[in-house]
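Me: Can you walk me through this one? I'll ask as I go.

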Amino acid sequence: MVFWPYHGVIQRLTEKSVYRTSVPVRTLGRQFRRSMHLFVVDAGCDNMLNFNIAALTAPQYNTHRFGIYFADTPRHADILILLGPPLSALHDAVAATLAQAPKPFGVLLVGGAPEMAPQQEPVESTSGTPQPGSFRELIDPALVVGFLPGSPGPSDIFAALLAIQRGDDSRAISKSRGALI
Amino acid sequence: MSVIIGFHKDFDREIDIVQDGASVSIQEPGQTSETRSIIERRDRVIGNGPTTGAGVFDFRYGPFTGGFPEAGIVHYYTYGERILSVEIDLSKKHRAIEASLAGRRVNEAGALVAGLCGNFAAAHTVAYARAVESALNIGVPEVVQRYRIAAIEIERIYNHLYVIMRLATAAAQKVLAAHLGALFEETLRISEALTGTRGIGPAVIALDETTQSAGTEIAKRLEGVLRTFEKLHRRSLSSRNYLDRLHGTSIVRAESALERGLTGPSLRSCGIGVDLRSEDPLMSDFRVRTKAEADAFARMETRAEEIFDACRIAIDQLGRFSSENLTTAKGSLAGQLVRNANGGLRRVGLGVAESPSGTIAWCVSMDGGNIESASVSTPSVFGFQAYADAVVGNIFTDVPFAIESFGVSFADAGR
């Protein structure tokens, strides 16, 4: 194997793809176009979403080229990625975490298979709107910038993040683009 | 040495799920086992209890703290440097999945079982399917068994890659971590090509999402993973920074590991060669990998060697059947399920699988096609207990290497 840093460069692992999201999202505003920091909150997922988030940090996606970084604390975050479906035992902790984020910030809801949260009320998935039911009880809908139901892979999450960050580059962006929350 | 790894309520009687070496069985209660109290406490707090004294405080870590991707709470009792004792709160991710299965039809349960722990979904669904098939007296065609073996091995590869990637990240080996991340993503894509979902899910038992004719292509991609990982692993072992962080960190005592129900690569890295795969007649040339040192480095090395083996096993198994065989077998399996589910059998079935982190055992009481009750034994419960025992005496900077090396999951333990 060649010298370690060269090995990385010559592999050319970063993929050139067009990432388009099929779900409506809301942009946070122009100030996040070059730098957007994410904090991931596992509100009760089955851990596969954590794996998909870990995969999003892989060189194939190279999120840093778009100024998308992961933060270690909600106080450094512009977007909180909430992995669900949320469990009632974690509601207070989620609320406390949301309270730590600096304004303006948005919440991207990811996951939410209703049958995976047996003690929660039934959740109905309605395309185009933030997840009602247990997610709605948990956070103010005005904070929600997008909702990716089911078990989205890293490319789906990445596409939604790019649309939130760079609304005009995505066809799927909603008309409320540019609105600050 | 036989160890109780779970309890089950079979209609109106209580039974124990017992592991003795590489075989798991159900037995009448009565056996004494140190694991009994761990299982009784698994929905609340496990560990080795609080410590009090001058200057000792409870350093609570979690549920949403940088460094822990999953929601869980760990209480470290310390006076500021050395860890004196640990309590792990597993209640936050408790979803009562076993109770939710009661009363459901057998074919409605796949998503719930797979969603118990997404990264062990193949092992959980296969163990569950084996339990149902045992209860309903269903004969599983060999081609389906081989397909399941391949799926579990691919799951093992991406779980082990994830663990080693996390260890490399904790040791600030950014280049290594990035390349392992690329392999990790590639393996998740391979699992998608095989089963239709990233993270092998209910497709393993339903066989609906199987990508036809993908076997050769998947084998080729797995060979690529194997080649690249061999180079990366060899190179990583030349970094003293990396090795120093793992050597001698969180050593598990072999005797206590067995008594406390530890299984999987964490047990094998203590020199104890217990692996459920060694009992599988379709894996006759399988060799159990062991290490003697029982520290974080041994656990990493065991996982690395298992990645090599898992690639070879998956390639071998995929080469032994065609998509046409699989489609035919699927029809046969579905037919048997419908016939036997309507036959009114009232029986209990036990199914096991060697997950990436140890033994998964599902016990299901069936009333025809309805699930009367279901119980599961998950490896992460005992893995967390072993972590709590092993990390005592270590210092705070050892924590990420210690916990990641066990490959445990709060979702798996929380159920």
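**Chat notes**

Me: How many of its residues are buried?
Reply: 27 of the 29 residues of α5(B) are buried, so the helix is largely enclosed by the rest of the structure. For chain B, 56% of the 415 residues count as buried.

Me: What else is in chain B, helices and strands?
Reply: Chain B has 16 helices and ten strands. Its radius of gyration is 21 Å, close to the 22 Å from the globule rule for 415 residues, so chain B is as compact as a globular protein of that length. The C-alpha atoms fill a box of roughly 65 × 50 × 35 Å along the principal axes.

Me: What share of the contacts join residues at least 24 apart?
Reply: In chain B, 69%, counting contacts between residues at least 6 apart in sequence.

Me: Switching to chain A. What is the average pLDDT?
Reply: Chain A averages 77, and 78% of its residues score at least 70.

Me: Where is it under 50?
Reply: Residues 114–133 of chain A are one such stretch, with 47 contacts beyond four places in sequence in the model. Residues 169–181 of chain A are also below 50, with 33 contacts beyond near neighbours in sequence. Where pLDDT is low, the predicted coordinates should not be read in detail.

Methods. Residues numbered from 1 in each chain as written. Chains lettered and ligands numbered in written order. Predicted model: local features only at pLDDT ≥ 70, side-chain atom pairs only at ≥ 80, totals over all residues. Helix = DSSP H or I, 4+ residues; strand = E, 2+ residues; numbered from the N terminus. Rg over C-alpha atoms; globule rule 2.2 N^0.38 Å. Buried ≥ 20, exposed ≤ 12 C-beta atoms within 10 Å, placed from the backbone. Contact = placed C-beta atoms within 7 Å. pLDDT = per-residue confidence, 0-100.
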